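Work through the exercises below with the model open. Try each task before reading its solution.

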Amino acid sequence: MDYQKLVASLTPEIYHSFKRAIELGKWPDGRVLTLEQKQSCIQAVIAYEHLHLPKEQHSGYIPPKPHTHCGSEGDELDHEQEKPIKWQH
């Protein structure tokens, strides 16, 4: 079976089992994941998410920050609160 077919055959249960194994570093039966198994599970989780989940639900997703314009009111407030440091001997 090639990689594409393997990823397409992943079920939600397998996906969740792989995610949990990655988080804990071991399989449900307590056996520790090898480095190769961990890498394979991570690849499978990423591929599953890409195929089946919206990007907001992908592992490691960081939502974009709202765009602010230079010199906006919020920036001016931050600068007004800043005070220079005076060094004394």
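Accessible areas come from the Shrake-Rupley method with a 1.4 Å probe; for residues, only the protein chains shown count as cover. This is a predicted model: local features need pLDDT of at least 70, side-chain atom pairs count only at pLDDT 80 or more, and totals for chains, interfaces and linings use all residues. Residues are numbered from 1 along each chain as its sequence is written, and side-chain values use heavy atoms, without hydrogens and water.

**Exercise 1. Describe the surface and the burial.**

Step 1: the protein exposes about 8,000 Å². Carbon and sulfur atoms supply 57% of that area.
Step 2: of the 89 residues, 15% are buried (under 20% relative accessible area, with a 1.4 Å probe and protein chains only).

**Exercise 2. Characterise the packing of α2 and helix α3 (residues 35-52).**

Step 1: their axes, lines fitted to C-alpha atoms over the stretch in contact, come within 9 Å and cross at roughly 135°. Angles run from 0 to 180 degrees between N-to-C directions.
Step 2: α2 and α3 are therefore oblique to each other. Under 35 degrees counts as roughly parallel, over 145 as roughly antiparallel, 65 to 115 as roughly perpendicular and the rest as oblique.
Step 3: contacts (heavy atoms within 4.5 Å) involve P12, Y15, F18, K19 and I22 of α2. From α3 come K38, C41, I42, A44, V45, Y48 and E49.

Key
Buried means under 20% relative accessible area, exposed over 50%, partly exposed in between (1.4 Å probe, protein chains only). Helices (H or I, at least four residues) and strands (E, at least two) are DSSP runs, numbered from the N terminus.
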